[in-house]
Amino acid sequence: MATTTSQHQLPKVEGRTSTSFVFESFDLPSTNQRTLGAPHPPNTVSPLALRPSTHGDAAPSLHDAIATIESLQAQDGLLTKQLATHGTLLFRGLPIHSAQDFSEFAHAFGYSPHEIIGIVVDRPLLAPNVAPANEAPKEVLIYNHNESPQVPHAPEYIFFYCHRAPNEGGETPISSSLELFARAKQEIPDFINLLAEKGIRSNVTYKVDKQHAGGSTLKQAFGKEILDTDDAETRKRKIEEQIKRYNRGKHTTWEWTDNDQTLILTHHLPALRIHPHTDAPTLFTGLAAYYKNFLAPSSPNSSRKNVTHQLFGDGTPIPEHYLAKLADITDQIRVLHTWQQGDVLVFDNVGAQHGRQPWGDEQGDRVVLASLWDGVVPGRWSRWACGHSTLVGTAAMFGYQE
């Protein structure tokens with residue numbers, strides 16, 4: 001099942017020190033790595049697992065790892081191209097032991113830090129562009145999704161670092177958004193056509209206080225310019241100024257309720273997008289996660305189902321059987337990454353989805369940090385977006401039938 005090392009060996013790149021340092025690929029168990037289906041090239045695995053290789057018994061240093069990453073990226077973005085192909089990269093065996101180490105490693109890729117506008121989870125800064133991953137209670141399932149599908153400005157790259165791994169559970173699911181589109185186009189083509197025609201409507205609720213454990217406050221979401229001395233009207237104006245930075249006109253509207261203690265944003269968003277590096281159509285969404293996390297009767301999150309409510313772009317409800325089918329396909333194409341301390345997973349957020357499995361024991365038994373980065377910034381409806389006419393032409397190019 002798994003790829004051979006020689007098949008995905010990266011070009012040898014000398015580090016900036018006297019120690020020769022390269023990354024080599026290695027196999028993972030079938031529960032943690034799979035060969036991707038169409039439209040990926042044959043024998044493409046995800047995640048592509050990489051580990052350091054040095055001459056003799058020399059221990060890899062963080063300095064050499066960073067120098068090698070920079071050298072690979074200087075070769076026409078070699079690692080970015082690997083990400084576009086495989087969707088997810090795993091780096092294992094590197095001397096990363098802290099948020100600062102992780103920050104330095106992530107910065108080596110040369111991406112621009114993602115500016116979060118409209119954050120829906122609490123992400124306190126621990127090091128430059130490093131924050132905790134979603135810290136919802138350990139019992140809460142976070143099903144496969146692209147990062148920030150419910151807001152206009154989503155990051156293009158997601159880095160996760162495991163500082164502490166639980167003994168059991170707490171895996172990070174990995175699946176391909178490109179493969180999800182391909183399967184959905186074959187199995188529920190009417191739904192894909194509706195998404196292409198209508199897009200989705202995302203109603204996101206923010207409150208002055210946290211709505212749930214791990215969630216953000218209104219100030220965390222849009223209050224970067226707010227001062228403690230600001231009065232209520234000034235705070236409200238500054239929040240609205242941040243919303244206007246989305247620059248989406250009629251595609252983003254908002255409403256204040258509950259004596260200005262609650263803000264509801266409505267976004268009209270594309271769920272079908274074009275991958276900026278491969279030109280393949282992708283299903284960029286959290287719809288399957290919405291079903292699994294909030295709608296499934298057995299979900300412990302069901303009481304939160306109105307926090308983020310998604311509809312077709314014209315406001316009509318998305319039938320539950322479509323959501324259930326997306327979840328069923330996702331179950332078939334995903335693997336669960338079992339963390340080892342020090343692991344770093346890098347996701348191409350346009351081409352791959354991630355999540356979080358529950359775990360037992362204590363909340364603090366799993367500590368995963370996140371770093372979000374921009375490549376192509378979608379912002380407005382265009383650039384990533386795939387409308388109906390574009391969908392037809394692009395789908396035909398990749399062999400999908402109407």
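The lining of the second largest pocket in this predicted model divides into 6 nonpolar, 2 polar and 5 charged residues. The volume of this second largest pocket is about 230 Å³, and of the 13 residues that line it, Val208, Leu218, Arg235, Ile239 and Asp260 are the closest to its centre. Two elements give two or more residues to this lining, namely helix 6 (218-222) and helix 7 (232-244), and helix 7 gives the most, with 5 residues.

Lys238 forms a salt bridge with Asp230, in which the closest N and O atoms are 2.9 Å apart. Lys238 is buried because its relative accessible area, 14%, falls under the 20% limit, and Asp230 is likewise buried, with a relative accessible area of 15%.

The largest pocket has a volume of about 320 Å³. It is lined by 15 residues, and those that lie nearest its centre are Ile116, Ile119, Arg123, Leu125 and Ala131. By residue class, the lining of the largest pocket divides into 9 nonpolar, 4 polar and 2 charged residues, while the largest share of that lining, 3 residues, comes from strand 20 (residues 367-374).

When neighbours within four places in sequence are left aside, Pro113 is in contact with Asn129, Leu372, Trp373 and Asp374. Pro113 and Val130 are 17 residues apart in sequence, and their C-alpha atoms are 9.8 Å apart in space.

In soluble globular proteins, nonpolar side chains tend to be buried together. The largest nonpolar core in this model has 32 residues, of which Phe91, Phe159 and Val344 touch the most other members, and the largest share of this core, 5 residues, comes from helix 1 (residues 62-74). A second, separate core of 29 residues includes Ile192, Leu323, Ile329 and Ile333. To return to Phe91, and again not counting residues up to four places away in sequence, its contacts are Phe23, Leu50, Ile69, Leu79, Phe105, Phe109, Gly342, Asp343, Val344 and Val346.

One of those contacts, Leu79, is among the buried residues of helix 2, which are Leu78, Leu79, Thr80, Gln82, Leu83, Ala84 and His86. Helix 2 (residues 78-86) is thus mostly covered, with 7 of its 9 residues buried. What do these buried residues of helix 2 pack against? They pack against helix 1 and against a set of strands, namely strand 3 (45-46), strand 4 (48-54), strand 5 (88-91), strand 9 (157-164) and strand 18 (344-348). Helix 2 is followed by Gly87, whose phi is positive, near 85 degrees.

Lys81 forms a salt bridge with Asp76, the closest N and O atoms being 2.6 Å apart. Lys81 counts as partly exposed at 44% relative accessibility, whereas Asp76, at 56%, counts as exposed because its value is over the 50% limit.

Side chains of opposite charge can pair when their charged atoms come close. The structure holds 17 salt bridges, and the one between Arg51 and Glu24, with its closest N and O atoms 3.3 Å apart, links distant parts of the chain, since Arg51 is in strand 4 and Glu24 is in strand 1 (residues 21-26), 27 residues apart. Both partners are partly exposed, Arg51 with a relative accessible area of 37% and Glu24 with one of 23%. Beyond these pairs, Arg183, Glu187, Lys325 and Asp328 are linked in a network of salt bridges.

Definitions and conventions:
Residues are numbered from 1 along each chain as its sequence is written. This is a predicted model: local features need pLDDT of at least 70, side-chain atom pairs count only at pLDDT 80 or more; totals for chains, interfaces and linings use all residues. Side-chain values use heavy atoms; hydrogens and water are left out. A nonpolar core is a set of buried Ala, Val, Leu, Ile, Met, Phe, Trp, Tyr and Cys residues joined through side-chain atoms within 4.5 Å. Buried means under 20% relative accessible area, exposed over 50%, partly exposed in between (1.4 Å probe, protein chains only). Helices (H or I, at least four residues) and strands (E, at least two) are DSSP runs, numbered from the N terminus. Contact means heavy atoms within 4.5 Å. On a 1 Å grid over the protein atoms alone, a cavity is a set of points where a 1.4 Å probe fits but cannot get out, and a pocket is an open set with protein on both sides within 12 Å along at least five of seven lines; lining residues have an atom within 4 Å of a point. Grid points are joined across faces, edges and corners, and a volume is the space filled by probe spheres set on the points. Ala, Val, Leu, Ile, Met, Phe, Trp, Tyr, Cys and Pro count as nonpolar, Asp, Glu, Lys and Arg as charged, and the others, Gly among them, as polar. A salt bridge is a side-chain nitrogen of Lys or Arg within 4 Å of a carboxyl oxygen of Asp or Glu.
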